[in-house]
Amino acid sequence: MQSYYYVVASKKFLMEQEPFEEVLRERTRYYQEHNKEIDFWLVEEPAFLEAPELAQVKEKCPRPAIAVISTNPQFITWLKLRLEYVSKGEFQAPSESIPDPLASLAAGINQ
């Protein structure tokens, strides 16, 4: 199993109230400049929130939700410091309760 780290928040907050698109562009450019493989993904209505062990996180997060999921814990810590109103955590996948770490429950959304 792989460890995945995330920040999750309301879609409205991240996409409308924060300069989040700029943050992702900067990070993508940084990775490209350093020939580093992208290790983060933006997922609308992340399915991992349906796992029983994440019920408290799901309960606290306004809907619709959006998450940044990464295999890089330092990046997620940096995002948490940069973005005030997000929840941070981690999970292991694939597992019985989280078979696909990047799955989305949003209809018609391509990842």
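Let's start in a loop: Asn-35 sits between helix H2 and strand S2, which covers residues 40–44. Keep in mind that you're looking at a predicted model.

What is the phi of Asn-35? Its value is near 50°, which is positive even though the residue is something other than glycine. Asn-35 is also exposed, with a relative accessible area of 74%.

Glu-45 has a positive phi too, about 45°, and it isn't a glycine either. You'll find Glu-45 in the loop between S2 and H3. Is Glu-45 buried or exposed? With a relative accessible area of 16%, Glu-45 is buried, because the cut-off for buried is under 20%.

**Two cis peptide bonds**

Now follow the chain to a couple of prolines. A cis peptide bond links Arg-63 to Pro-64, with omega at about -5°. Pro-64 belongs to the loop that runs from helix H3 (55–60) to strand S3 (65–70). Another cis bond joins Ala-93 and Pro-94, and there omega is about 0°. Pro-94 lies in the segment that comes after strand S4 (87–93).

**The aromatic rings**

How many aromatic pairs does the structure hold? The count is nine. Take Tyr-30 and Tyr-31: their ring centres are 6.1 Å apart and their planes meet at 65°, so this pair is edge-to-face. The reasoning is simple, because planes over 60 degrees apart count as edge-to-face. Tyr-30 is partly exposed, at 38% relative accessible area, whereas Tyr-31 is buried, at 0%.

Phe-75 and Trp-78 make another aromatic pair, and this one is stacked, with 6.0 Å from centre to centre and 20° between the planes. Where do these two sit along the chain? Both belong to helix H4 (residues 73–82), and they are three residues apart, which means about one helical turn separates them. Phe-75 counts as buried at 1% relative accessibility, while Trp-78 is partly exposed at 34%.

| Residue | Relative accessible area | Class |
|---|---|---|
| Tyr-30 | 38% | partly exposed |
| Tyr-31 | 0% | buried |
| Phe-75 | 1% | buried |
| Trp-78 | 34% | partly exposed |

**How H2 and H4 meet**

That brings us to the helices themselves. The axes of H2 (residues 20–33) and H4 come within 13 Å and cross at roughly 150°. The two helices are therefore roughly antiparallel to each other, because angles over 145 degrees fall in that class. As for handedness, the crossing of H2 past H4 is right-handed.

Which residues make the contact? From H2 come Phe-20, Val-23 and Arg-27, and from H4 come Phe-75, Trp-78, Leu-79 and Arg-82.

Note on methods
Residues numbered from 1 in each chain as written. Predicted model: local features only at pLDDT ≥ 70, side-chain atom pairs only at ≥ 80, totals over all residues. Heavy atoms only, no water. Phe/Tyr/Trp six-rings, centres within 6.5 Å; stacked < 30°, edge-to-face > 60°. Buried < 20%, exposed > 50% of the residue type's maximum accessible area, 1.4 Å probe, protein only. Helix = DSSP H or I, 4+ residues; strand = E, 2+ residues; numbered from the N terminus. Axes fitted to C-alpha atoms, helices over the stretch in contact; angles between N-to-C directions. Parallel < 35°, antiparallel > 145°, perpendicular 65-115°, else oblique. Left-handed = near helix turned anticlockwise from the far one by under 90°. Contact = heavy atoms within 4.5 Å.
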